[in-house]
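Reader: I have a model open and would enjoy talking it through with you. Could you take me around it, one question at a time?

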Amino acid sequence: MENKLMKALHSGKFKLATILIQGGHDVNFSSNKGISPLMLACKFKAREDDIITKLDIIHKLLENKANIYATDDEGRTALVYAMHSTCKATITMLKKQGLVITIDSKTKKIKDHNKMIWDSFDLDEE
C-alpha cells in the first residue's frame, strides 16, 4: 500500500507533507518494514537551512499523535533514526518528548555493536 505522507517525506516535499499531516493523514502508518512517518522525518539529513523545517514536521507529527515509541522491524525507534541523521536538534527534541534509548537485556555487548546498528539501516528501501 502506498502512503502519500511517506512518499512526500521520502521525496523531500515538506510543504505537501505538512498539508497531509494537518489534513488528518494517518501519522501512524508504517511501511512493510515498520518505518513510520516520524522515523522517516527523523532520518532526513537536513542541511542547516532545512533544520527548522525538519523540526516543524516532527513537531506536527507529534501534535497529531504520532506514536513516538513505535519501533520498526529491527526494533529501532525514531530516536535511533535521528541519531543516524546526526541532527542534534532532532535528538534533543525527541529526548525532551521522553524518548530514550533502551537496550534489550538479552543483547550481549559485542565489539562491533554500534557498527551493526548503523549497518542495519537500509536507506534505499522504505
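Reader: How many helices and how many strands are there in the protein?
Author: Happy to start there. This is a predicted model, in which local features need pLDDT of at least 70 and side-chain atom pairs count only at pLDDT 80 or more, while totals for chains, interfaces and linings use all residues. Residues are numbered from 1 along each chain as its sequence is written, and side-chain values use heavy atoms, with hydrogens and water left out. Helices (H or I, at least four residues) and strands (E, at least two) are DSSP runs, numbered from the N terminus, and the protein has seven helices and zero strands.

Reader: What share of the residues counts as buried?
Author: Buried means under 20% relative accessible area, exposed means over 50%, and partly exposed lies in between (1.4 Å probe, protein chains only). The protein has 126 residues, and the buried share of them is 41%.

Reader: Which residues of α2 are buried, and where do they lie around the helix axis?
Author: Helix α2 covers residues 14-22, and its buried members are Phe14, Ala17, Thr18, Leu20 and Ile21. The directions from the helix axis to the C-beta atoms define an arc. For the buried residues of α2 that arc is 165°, so they line one face of the helix.

Reader: What do the buried residues of α2 pack against, and which exposed residues does the face turned away carry?
Author: Contact here means heavy atoms within 4.5 Å. The buried residues of α2 pack against α1 (4-10) and α4 (51-63). On the face turned away from the buried side sit the exposed residues Lys15, Ile19 and Gln22.

Reader: Which residue just after α2 takes a positive phi?
Author: The phi in question is about 95°. The residue that takes this value just after α2 is Gly24.

Reader: How many aromatic pairs does the structure hold, and is the geometry stacked or edge-to-face?
Author: Rings of Phe, Tyr and Trp (its six-membered ring) pair if their centres lie within 6.5 Å; planes under 30 degrees apart count as stacked, over 60 as edge-to-face and the rest as tilted. The structure holds one such pair. The ring centres of Phe14 and Phe44 are 4.8 Å apart with their planes at 65°, so the pair is edge-to-face.

Reader: How many residues apart in sequence are the parts that this pair ties together?
Author: Phe14 is buried at a relative accessible area of 16%, whereas Phe44 is partly exposed at 24%. Phe14 belongs to helix α2 and Phe44 to the loop between α3 (37-43) and α4, so the parts tied together are 30 residues apart.

Reader: How far is the sulfur of Cys42 from the nearest cysteine sulfur?
Author: A disulfide is a pair of cysteine sulfur atoms within 2.5 Å, and the structure holds zero of them. Cys42 is buried at 0% relative accessibility, and Cys87 is buried at 7%. The sulfur of Cys87 is the nearest to that of Cys42 but too far for a bond, at 8.8 Å.

Reader: In helix α6, is Thr90 buried or exposed, and which residues does Thr90 touch?
Author: Thr90 is found in helix α6 and counts as buried at 0% relative accessibility. Not counting residues up to four places away in sequence, Thr90 touches Cys42, Lys54, Leu55, Ile58 and Ala82.
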